[in-house]
Amino acid sequence: MSEDVLVRHEHHVFYNPPPATPAQVNSALDRGDLSAALDAMVGTALYGDGDWKELQELHLRLLDHEDHQVSALAATCLGHLARVYRQLDEDRVVAALRRARTVPHTSGTADNALDDIETFLHPRRMRWRGRVRTALRPWTWI
């Protein structure tokens, strides 16, 4: 390997941030502390400690945030809320996530959140779709 080629590798450690409140998210965003805001966003969605309606409104509002990391994470957090609380104002959330799918930096996370909503709010429908896919799979090669 030549001397002018630098190979870097970083090890990332996964951790769940501590529980947080919408006030902590807003406070971190107000003071421009993006790292703390992102941690607090995840902390609001993972633990089931708050009012799901308040958290839903927070993350719906943050879907339109100017920072791409915040808006993409807001979509992910809406999927987490579906998993943790098993309820959302589905019409509003799905409509917002479908709009977010049209924005390049939120497209993937919005798709994942929509899958989470389908999985955790409609488990029977997902099982049925799985059975249909399994039944049709042998015939897809024709």
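Trainee: Is T44 buried or exposed, and what is its relative accessible area?

Mentor: Please keep in mind from the start that this is a predicted model. T44 is buried, because its relative accessible area is 3%, which falls under the 20% that sets the limit for a buried residue. T44 has its place in helix α2, and if residues up to four places away in sequence are left out of the count, T44 touches A20, T21, P22 and V25 as well as L55, L58 and H59.

Helix α2, which covers residues 34-46, packs with helix α3, residues 52-62, at an angle of about 145°, and the axes of the two are 10 Å apart. In this arrangement α2 passes α3 in a left-handed crossing. On the side of α2 the contact is made by M41, T44 and A45, while α3 brings L55, L58, H59 and L62 to it. Sorted by class, the contact of α2 with α3 has 5 nonpolar residues, 2 polar residues and no charged ones.

From α3 we can go on to helix α4, residues 68-85, for the axes of α3 and α4 come within 8 Å and cross at roughly 155°. The two helices are therefore roughly antiparallel to each other, and α3 passes α4 in a left-handed crossing. W52, L55, Q56, H59, L60 and L62 are the residues of α3 that meet α4, where V70, S71, A74, C77, L78, L81 and Y85 take part. By class, the residues of this contact of α3 with α4 divide into 10 nonpolar, 3 polar and no charged.

C77 lies in helix α4 and is buried, with a relative accessible area of 0%. Leaving aside its neighbours within four places in sequence, C77 is in contact with M41, V42, A45 and H59. H59 is also among the residues that T44 touches, and M41 and A45 belong to the α2 side of the contact with α3. C77 and L58 are 19 residues apart along the chain, and their C-alpha atoms are separated by 9.9 Å.

Helix α4 has a further partner in helix α6, residues 107-121, with which it packs at an angle of about 5°, the axes being 8 Å apart. That makes α4 roughly parallel to α6. Here A72, A75, T76, G79, A82 and R83 of α4 meet T109, A110, A113, D116, I117, F120 and L121 of α6. The contact of α4 with α6 has, by class, 8 nonpolar, 3 polar and 2 charged residues.

To place this part within the whole, note that the chain has 7 helices and 0 strands. Of its 142 residues, 35% count as buried, and T44 and C77 are both buried residues. Among contacts in the chain between residues at least 6 apart in sequence, 60% join residues at least 24 apart. The chain exposes about 9,600 Å², and carbon and sulfur atoms supply 52% of that area.

Technical notes:
Residues numbered from 1 in each chain as written. Predicted model: local features only at pLDDT ≥ 70, side-chain atom pairs only at ≥ 80, totals over all residues. Heavy atoms only, no water. Axes fitted to C-alpha atoms, helices over the stretch in contact; angles between N-to-C directions. Helix = DSSP H or I, 4+ residues; strand = E, 2+ residues; numbered from the N terminus. Left-handed = near helix turned anticlockwise from the far one by under 90°. Contact = heavy atoms within 4.5 Å. Nonpolar A, V, L, I, M, F, W, Y, C, P; charged D, E, K, R; others polar. Parallel < 35°, antiparallel > 145°, perpendicular 65-115°, else oblique. Buried < 20%, exposed > 50% of the residue type's maximum accessible area, 1.4 Å probe, protein only. Areas by Shrake-Rupley, 256 points an atom, 1.4 Å probe, with all protein chains shown as cover.
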